[in-house]
Amino acid sequence: ITGSDGKTTTTTLTHHFLEEEGHVTWLGGNIGTPLLDRIDDIEPDHMVVLELSSFQLQSLRRSPDVAVVTNISPNHLDVHKDYQEYIDAKRNIFLHQSLFGRLVLNRDNYESRSQACDARGTVAYFSRRDAGIPAGAYLQDGMILYRDGPSDEPEPYLPASEILLPGDHNVENYLAAIAATRGYVSPDSVARVARTFRGVEHRLELVRELSGVRYINSSIDTSPTRTKAALKALHDRGERVVLIMGGKDKKLDYTGLGDAILTVSRSVVLCGENAPLIERSLLTAAERRGLLAEVSVAHAATLAESVRMAQGMARTGDVVMLSPAGTSFDQYRNFEERGRAFKEIVRGLLPVEPGS
């Protein structure tokens with residue numbers, strides 16, 4: 001499983017689906033667990049689910065039986081020589097499949113769906129917007145369904161409203177994992193996971209509630225695209241948010257980020273190398289929409305200072321969320337270390353009397 005966004009949650013869901021069905025399943029790759037040292041324990045009838053990054057795929061010359069491309073958008077352009085090299089690295093996940101392989105593609109993402117012409121095996125799509133896909137998992141009238149072929153009757157899986165994880169992007173992650181496990185996992189097993197799975201650490205993770213304010217860790221949001229998806233999930237729930245943002249820039253496009261921020265927030269604390277880029281996008285959007293007087297932007301030197309400032313801005317019923325829109329490499333080794341630091345700081349906060 002690869003992609004610019006959503007691959008860790010999709011990989012984790014795929015693993016849970018298979019385990020719920022009773023398969024012996026190994027989870028690893030970029031998700032943090034190398035499996036090469038466990039190879040002697042993996043039997044021929046076991047399932048292996050791997051999250052693979054563009055760096056891991058770049059020199060790959062074998063492809064898995066089932067390959068998933070969640071989506072492709074500009075990412076890691078500070079490392080790859082250009083966007084095409086990044087796309088080509090992703091293509092290696094399926095280019096070496098046999099005729100019996102399955103390629104799962106995002107119908108709603110241009111770069112993902114355009115790879116269908118190079119598939120050697122069968123193609124299954126997933127889509128939140130197109131109920132007319134020839135084969136794959138899709139959303140129609142709030143119900144998740146799967147169609148095996150253009151002339152086949154769709155099989156219902158579950159209403160999307162039963163998925164515990166918030167946000168349209170998580171519906172897409174479920175659709176991708178369903179398409180990956182079709183034939184291996186029953187709809188009942190998928191439904192049981194959907195009603196109990198609370199998410200992966202550092203992804204819209206509730207840390208604590210203190211003085212009427214909830215603190216959410218979304219340190220995985222290492223790009224503007226990820227942050228926009230997280231903000232949409234909170235907007236869909238009607239949340240009012242104080243944002244902590246900023247990290248190392250990956251030479252990405254910040255267009256639309258300011259508008260996304262304004263859907264849920266008027267208070268932002270910035271800390272990190274890309275703070276000027278975020279601030280420019282936010283203030284430009286606010287000025288265009290006549291909201292400049294309502295926006296409060298604060299600057300902090302450290303994450304601990306950011307949390308304290310955000311606590312002071314928050315009112316009863318608010319959410320304080322870490323959603324950096326940049327990598328952690330300006331201050332931390334990885335987004336996990338940044339997320340753990342945020343959680344430790346939040347758990348150490350003392351109660352204050354928030355506004356109303």
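This is a short chat about the predicted model shown above.

Q: What kind of model is this, and how are residues numbered?
A: It is a predicted model, in which local features need pLDDT of at least 70 and side-chain atom pairs count only at pLDDT 80 or more, while totals for chains, interfaces and linings use all residues. Residues are numbered from 1 along each chain as its sequence is written, and side-chain values use heavy atoms, with hydrogens and water left out.

Q: How many helices and strands are in the chain?
A: The chain has eleven helices and 14 strands, where helices (H or I, at least four residues) and strands (E, at least two) are DSSP runs numbered from the N terminus.

Q: And how compact is the chain for its length?
A: Its radius of gyration is 21 Å, close to the 21 Å that the globule rule gives for 356 residues, so the chain is as compact as a globular protein of that length. That radius is taken over C-alpha atoms, and the globule rule is 2.2 Å times the number of residues to the power 0.38.

Q: What share of the residues counts as buried?
A: Of the 356 residues, 53% count as buried, with buried meaning under 20% relative accessible area, exposed over 50%, and partly exposed in between (1.4 Å probe, protein chains only).

Q: OK, on to Val-200: where does it lie?
A: Val-200 lies in the loop between helix H6 (187–194) and strand E9 (205–210).

Q: Is Val-200 buried or exposed there?
A: Val-200 is buried, because its relative accessible area is 17%.

Q: Which residues does Val-200 touch?
A: Leaving aside residues up to four places away in sequence, Val-200 touches Thr-8, Thr-9 and Thr-12, a contact being heavy atoms within 4.5 Å.

Q: What about Arg-333, where is that found?
A: Arg-333 is in the loop between strand E14 (319–322) and helix H11 (335–347), and with a relative accessibility of 63% Arg-333 counts as exposed.

Q: How far apart are Arg-333 and Pro-166?
A: Arg-333 and Pro-166 are 167 residues apart in sequence, and 28 Å apart in space from C-alpha to C-alpha.

Q: Switching to cysteines, how many disulfides does the count come to?
A: The count comes to zero disulfides, taking a disulfide as a pair of cysteine sulfur atoms within 2.5 Å.

Q: Are Cys-117 and Cys-271 buried or exposed?
A: Cys-117 is exposed, since its relative accessible area is 65%, whereas Cys-271 counts as buried at 9% relative accessibility.
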